[in-house]
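Morning, everyone. I have one structure to show you today. Let me put it on the screen.

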Amino acid sequence: MIMKKSSGPTDKADNMHAEMLQSVYNTLIRELGSQQWWPAETPFEVIVGAILTQQTKWTNVEKAIDNLKQKNMVEAGRLAEMDLQELEEDVRCTGFYRQKASRLKGISSFFHYHGEEVLFSLPTEKLRRRLLELKGIGPETADSILLYAAGKPCFVIDAYTTRIMRCIGIEGNYHQLQEIFEKNIPKDVDMYKEYHALIVEYAKRYCATRQCHKCLLKGNKDGQN
């Protein structure tokens, strides 16, 4: 998908950000191809994954979800009623398993009580506030649920995104970076998913392995690609 600038007036900084973000996207999609992320069979599986992926590798998340699937537990009502100690054992491989099991019980009860369809029909900001009220749910996890499970246009900012943006000269806190993305790329759910997934995959290949000398994004400070 090709990003287009807003037809309305923008200041110099907005133009610069739009050009840089377009350039980064072009480079990543050309190098890595479409990511087709998030891998899940249901929206609730995305929610489970969003909790479990905190501070661990995705391969560990897959193991934990497989454990739950074998017991037919990747469903809000069933997971809410699951024995806590049994759940802890099933997600132990993801680390911080007691915290994560407790958080899974909490968010499962929340979705089971209110109903997934009802919650996903709420306006984006209202649902985001409701999610952030839950114990252990921060902005990144909430926005991952909003984007990948609820299909709402809410760009996810993670540590990889912050790092890559800093390297090309764009800095800010979570809210500031999210605003820059949402203001300067099309407000499109598929675009948000693809862009965020590309950033994560690129960062795992280059940033996490400290291959800065091979970075393909160095020229994007000036919107070049």
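I'll go from the overall fold to one helix, then to the cysteines and a glutamine.

First, a caution: this is a predicted model. Everything I quote is computed from it.

Start with the fold. The protein has 12 helices and 0 strands. Read along the sequence, that gives α-α-α-α-α-α-α-α-α-α-α-α.

Now the dimensions. The C-alpha trace spans about 55 × 40 × 25 Å along its principal axes. The radius of gyration is 18 Å. A compact globule of 225 residues would come out near 17 Å, so the two agree.

What about the contacts? Take those with a separation of 6 or more: 63% of them join residues 24 or more positions apart. Of the 225 residues, 46% are buried.

The protein exposes about 11800 Å², and carbon and sulfur atoms supply 48% of that. As for charge, there are 31 positive and 30 negative side chains. The centres of those two sets lie 5 Å apart.

Now the helix I want you to look at, H9. Please find residues 139–149. How many of the 11 residues in H9 are buried? The count is 9, so H9 is largely enclosed by the rest of the structure. The buried residues are Thr141, Ala142, Asp143, Ser144, Ile145, Leu146, Leu147, Tyr148 and Ala149. Note that Asp143 is on that list.

Next, the cysteines. A disulfide is a covalent bond between the sulfur atoms of two cysteines. How many disulfides does a search of the whole structure find? The search returns 0. Two cysteines to look at here are Cys93 and Cys167. Cys93 has a relative accessible area of 31%, so it is partly exposed. Cys167 reaches 52%. The cut-off for exposed is over 50%, so Cys167 counts as exposed.

Last stop, Gln85. Gln85 sits in helix H5, residues 84–91. Is Gln85 buried or exposed? Its relative accessibility is 60%, so Gln85 is exposed. Now find Ser102, 17 residues from Gln85 along the chain. Their C-alpha atoms are 9.8 Å apart.

To recap: 12 helices, 0 strands, and H9 largely enclosed by the rest of the structure. That's it from me.

How values were computed: Residues numbered from 1 in each chain as written. Predicted model: local features only at pLDDT ≥ 70, side-chain atom pairs only at ≥ 80, totals over all residues. Heavy atoms only, no water. Buried < 20%, exposed > 50% of the residue type's maximum accessible area, 1.4 Å probe, protein only. Helix = DSSP H or I, 4+ residues; strand = E, 2+ residues; numbered from the N terminus. Disulfide = S-S within 2.5 Å. Rg over C-alpha atoms; globule rule 2.2 N^0.38 Å. Contact = heavy atoms within 4.5 Å. Areas by Shrake-Rupley, 256 points an atom, 1.4 Å probe, with all protein chains shown as cover. Lys, Arg positive; Asp, Glu negative; His and termini not counted. Charge placed at Lys NZ, Arg CZ, Asp CG, Glu CD.
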